[in-house]
Every structure is written in C-alpha cells, then in structure tokens.
Amino acid sequence: MAAQDGSDIVMQTDVEPKEDAPVGDSDEKGDSDEKGDSASASEAGNATTQDSPSMSNGDDVEEEGETVDLKIIWNKIKYDLKIPLDSTGAKLKERIHSLTGLPPAMQKVMYKGLLPEDKTLREIKVTSGAKIMVVGSTINDVLAVSTPKEVMQQEVKAEENKKEPLCRQKQHRKVLDKGKPEDVMPAIKGTKERLPTVPLSGMYNKSGGKVRLTFKLEQDQLWIGTKERTEKVPMGSIKNVLSEPIEEHEGYYMMAFQLGPTEASQYWVYWVPVQFVDAIKDTVLGKWQYF
C-alpha cells in the first residue's frame, strides 16, 4: 500500500516462528526404545537360562539303581567312589582308571582276595564304606620291568625243554620221595580257583620242611613261612614263577619263586594244589605281564 506522501509503507506482520522440536528428541526416543527392547530380551534370556537344567560331566551324573560308596586306595592315596552295586569288577576297574589314570590291564584290585572281573559287587558282597586296595604300575614302569621278565621267561622255557622233567631230577626227587604230606590241602582237578583267604599250608620246601604261603595283597607281599621264620617278600621283587606237575600225583604241582637274578635264588615249594597254580602266578607276577 502507498502512503499519501508517496513513500512506500512496508507492512510488517509479526509471525511467531514455530518452535522446532529439540534436536535429538527423536533419536533419544529411538535409543530408549532400543534399550527397552534389549533389556526385555536380556531379561527373557536370563529367565531362559535360569529355567534350563545345569550340565555336568559324566562322573557327576547320579547313577541309577542301588549304589555303594567305596574307598579306593592306590599308591597311599585315597579316592572316594560311588558306583552301582550291580557293576562288575571290570566296570570298577574302568572307574578306577578314571580316578587314578592306571589302565585296567595293569590293576590288581583286592577285596577279600583278588577281585574277579566277571562278577558284580553285589555277588561278592561289597558293602558301602568298603576299602578297595589297588596295586599297579604306570605304563612307563611296566615297560621298564615287563620286558626283562618276558625275556627271562622265554629263556627259562627254552632251557626247560632241553632238560628232563624237574620232578625226576635228583635234587627234587629226595623231597618228593617223602610222599604227599598228610595235611596238605586237597587238590581239585579241572578247576581254577581264587586264592583262599587262609594261608596255603601243609607243603614242603627244598629242605623237606613244612612251608606255608600267605598272600598279603593289601601290602603286595608274599609271606613264606616255616617253623623257624617268616620271610616277607615284595611281589614286585619276584623275577619269575615256575610250575610243573608232579608225575604220578595228578592234581599237585611243584613251584619255584625266583627271588633274585639267577636260578640259585629259586625258592621251591612242593605239593601245591592244582586249582591255585594260575591264581598264584597271576597274583605274584600280575596279569599285565601278558599284554
């Protein structure tokens, strides 16, 4: 519009500018939403984790059926073991292996004698709290010891093949000619038995005197007892065990325990019942020698 004096009049209109939304409000809201979503997800994850069962290794899983708590003693170290009562001796050896690192083939496991692998703990009447003695060597010890024993056994066997039967030799004949002792344990042909819990008695030694053999499995010792004294021999020091049936007396053997490096150290025992011969060899030398 023009003024009367001809100057231009500019009309000003006061327009209040719109207030801009604070910068970052939208972003903050988005962040807030994202944080809320994350928190929700985290809470959900935590809830899921709390609801999930915990995992454990195989040794911690509770065994099914009736169990027994055993004390395993090896190398002067005690281990606690919980195992089903219907486990076999072989299964027990596997569990001992997991505890000690001692391979089953190198274990001698004792509970009232040498523990059989094919029977269950229930069958041999193992009770909770029982102490199980384990004797055995590590693989390195076995390799160092077993090789000389195997070589010695092969040499002895080859030498025996060249000789007449031991029971005919003069040094043994003078003992055998005394006849079978009256109080010797009865022989049971065609069977193999575990070592008895009592000493093997009523036998003769090389001098013709009475001798008894006691197997102290918990100490890994063989006790050779006579009227005069009892010699306690560590089983690990016995180099070899020889055995031969006595002619004309089926069911009885003569056996020698080699206590030193030469044949001169052999301790002879006569009239050993046949059913215990294999058990004596396995106990003294250890089954692992055949592996």
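Mentor: Let us begin with the open sheet of 7 strands, whose order is β8-β7-β6-β5-β11-β10-β9 and whose pairing is antiparallel. Please keep in mind that the model is a predicted one.

Trainee: What makes β8 and β9 the edges of this sheet?

Mentor: β8 (230-234) and β9 (240-245) each have a single partner strand, so one side of each is left without a neighbour in the sheet. Neighbouring strands here are turned against each other by 30° on average, with direction ignored.

Trainee: How do you know that β5 and β6 count as paired strands?

Mentor: The criterion is at least two bridges between the strands, and β5 (residues 200-205) and β6 are joined in the antiparallel sense over 3 bridges, so they meet it. In one of these bridges, Y204 has K210 in β6 as its partner.

Trainee: Why is the pair of Y252 and W271 called edge-to-face?

Mentor: The structure holds 2 aromatic pairs. For Y252 and W271, the ring centres are 5.8 Å apart, which lies within the 6.5 Å limit, and the planes stand at 70°, which is over 60, so the pair is edge-to-face. The pair also links distant parts of the chain, since Y252 belongs to strand β10 (residues 252-258) and W271 to strand β11 (residues 266-273), 19 residues apart.

Trainee: What makes the pairing in the sheet of 4 strands mixed?

Mentor: This open sheet has the order β2-β1-β4-β3, with mixed pairing. β2 (77-84) and β3 (107-110) stand at its edges, each with a single partner strand, so one side of each is left without a neighbour in the sheet. The twist averages 30° from one strand to the next. As for the senses of pairing, strand β1 (residues 67-74) and β2 pair in the antiparallel sense over 8 bridges, β3 and β4 pair in the antiparallel sense over 4 bridges, whereas β1 and β4 run parallel and are joined by 4 bridges.

Trainee: How do you know which residues lie nearest the centre of the second largest pocket, and which strands supply its lining?

Mentor: A residue belongs to the lining if it has an atom within 4 Å of a pocket point, and 17 residues line this pocket, with G113, T197, F215, L217 and E218 nearest its centre. β4 and β6 (210-216) each supply at least two residues of the lining, and the largest share, 4 residues, comes from β6. About 290 Å³ of space lies in this pocket.

Trainee: How many residues of that lining are nonpolar, polar and charged?

Mentor: By class, the lining has 10 nonpolar, 3 polar and 4 charged residues.

Conventions. Residues numbered from 1 in each chain as written. Predicted model: local features only at pLDDT ≥ 70, side-chain atom pairs only at ≥ 80, totals over all residues. Heavy atoms only, no water. Axes fitted to C-alpha atoms, helices over the stretch in contact; angles between N-to-C directions. 1 Å grid on protein atoms, 1.4 Å probe; cavity = no way out; pocket = protein on both sides within 12 Å on 5 of 7 lines; lining within 4 Å. Points joined across faces, edges and corners; volume = space filled by probe spheres on them. Nonpolar A, V, L, I, M, F, W, Y, C, P; charged D, E, K, R; others polar. Phe/Tyr/Trp six-rings, centres within 6.5 Å; stacked < 30°, edge-to-face > 60°.
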